Amino acid sequence: MMDIRSLIQQLRQPGTRNGIGVWLLPPELLGQVEIIAIQLNLQPIDARQAYLERLPAGARFSGLTRPDGHQKLLDLMRALIDGTHSRDCLLIYNFDLLLLGLEVDERERFWHAALEGLPYPHTKLVLTLPEHAHALFPLELSQRYSALIAQGNL
C-alpha cells in the first residue's frame, strides 16, 4: 500500500480510470482531517453532512438500512464527482459513519461498485476511514484494491 501523497498523485494522473481512493487514517490524525486536506491541496467534505443535505425535507430515516442502501452511497459519490468544487480532488471524511448504516453485504456491494464502476470522474475522491475499522473495508477487498488504498503516513 502507498502513502496518501502517492495516492493523490496517482488519482490526479490524466487518463486515470478510477478516481476514487481510500485513505486508512491513523487514530492520531482523526480530528485533523480538515487541516490535512488543506495541506494536501484537497477540498474537505463531511460525508455525513453531504448525505443529510440530499435527504428529502422531513425525512426521518437515512434509507441506508434498506436492501438498496449501497445505491444511496453511490448516488452521493456521483453527486460529489459531478458537483462544482474549488479543487479537483476531495477528501471525504466521516464516511465511516455512513458505512456503518449499511448491512455487511450492502457494504461489499458499495465497495465493488465504487472502486470499479465510476470510471474517469472529473473530480477525484479520497474516502477516509479509520485505520482500525477493518469491518468497514474487508481484508479481501484491501488486497484486491491495494493500488487504490493509502496508509496514513504524512
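# Aromatic cluster, pocket and selected residues

Phe95, Phe110, Trp111 and Phe137 form one aromatic cluster, where rings of Phe, Tyr and Trp (its six-membered ring) pair if their centres lie within 6.5 Å, and planes under 30 degrees apart count as stacked, over 60 as edge-to-face and the rest as tilted. This is a predicted model, in which local features need pLDDT of at least 70 and side-chain atom pairs count only at pLDDT 80 or more, while totals for chains, interfaces and linings use all residues. Residues are numbered from 1 along each chain as its sequence is written, and side-chain values use heavy atoms, with hydrogens and water left out.

**Aromatic pairs**

- The structure holds four aromatic pairs, and one of them, Phe95 with Trp111, is edge-to-face, with 6.3 Å centre to centre and 65° between the planes.
- Phe95 lies in helix α5 (residues 95-99) and Trp111 in helix α6 (residues 104-116), so this pair ties together parts that are 16 residues apart in sequence; helices (H or I, at least four residues) and strands (E, at least two) are DSSP runs, numbered from the N terminus.
- Phe95 counts as buried because its relative accessibility is 0%, given that buried means under 20% relative accessible area, exposed over 50% and partly exposed in between (1.4 Å probe, protein chains only).
- Trp111 is likewise buried, with a relative accessible area of 0%, and its ring centre is 5.1 Å from that of Phe110 with the planes at 65°, so the pair of Phe110 and Trp111 is edge-to-face.
- Phe110 is buried, as is Trp111.

**The largest pocket**

- The largest pocket has a volume of about 150 Å³; a pocket is, on a 1 Å grid over the protein atoms alone, an open set of points where a 1.4 Å probe fits, with protein on both sides within 12 Å along at least five of seven lines, and lining residues have an atom within 4 Å of a point.
- Grid points are joined across faces, edges and corners, and the volume is the space filled by probe spheres set on the points.
- Of the 12 residues that line this pocket, Leu24, Glu131, His134, Phe137 and Ser142 are the closest to its centre, and the elements that give two or more residues to the lining are β5 (124-130) and α7 (139-144).
- The lining divides into eight nonpolar, three polar and one charged residue, where Ala, Val, Leu, Ile, Met, Phe, Trp, Tyr, Cys and Pro count as nonpolar, Asp, Glu, Lys and Arg as charged, and the others, Gly among them, as polar.

**His70 and its surroundings**

- His70 lies in helix α4 (residues 69-82) and is buried, with a relative accessible area of 13%.
- The side chains of His70 and Glu106 are joined by a polar contact of 2.7 Å, meaning a pair of N or O atoms within 3.5 Å of which, within protein, one must be able to donate a hydrogen and the other to accept it, and for which residues adjacent in sequence count only if both atoms are side-chain atoms.
- Leaving aside residues up to four places away in sequence, His70 touches Leu102, Glu106, Arg109 and Phe110, with contact meaning heavy atoms within 4.5 Å.

**Buried residues in strands**

- Leu91, in strand β4 (residues 89-93), is buried, with a relative accessible area of 0%.
- Although Leu91 and Ala37 are 54 residues apart in sequence, they are 6.2 Å apart in space, C-alpha to C-alpha.
- Not counting residues up to four places away in sequence, Leu91 touches residues including Trp23, Val33, Ala37 and Thr128.
- Thr128 lies in strand β5 and is buried at a relative accessible area of 3%; with residues up to four places away in sequence not counted, Thr128 touches, among others, Trp23, Leu91, Asn94 and Phe95.
- Ile20, in strand β2 (residues 20-25), counts as buried at 0% relative accessibility, and its contacts, again not counting residues up to four places away in sequence, include Leu11, Ile81, Leu127 and Leu148.

**Positive phi in two loops**

- Most residues other than glycine have a negative phi.
- Asn41 has a positive phi of about 60° although it is not a glycine; Asn41 lies in the loop between α2 (33-39) and β3 (43-46) and counts as partly exposed at 40% relative accessibility.
- Asn94, also not a glycine, has a positive phi near 65°; Asn94 is found in the loop between β4 and α5 and is partly exposed, with a relative accessible area of 26%.
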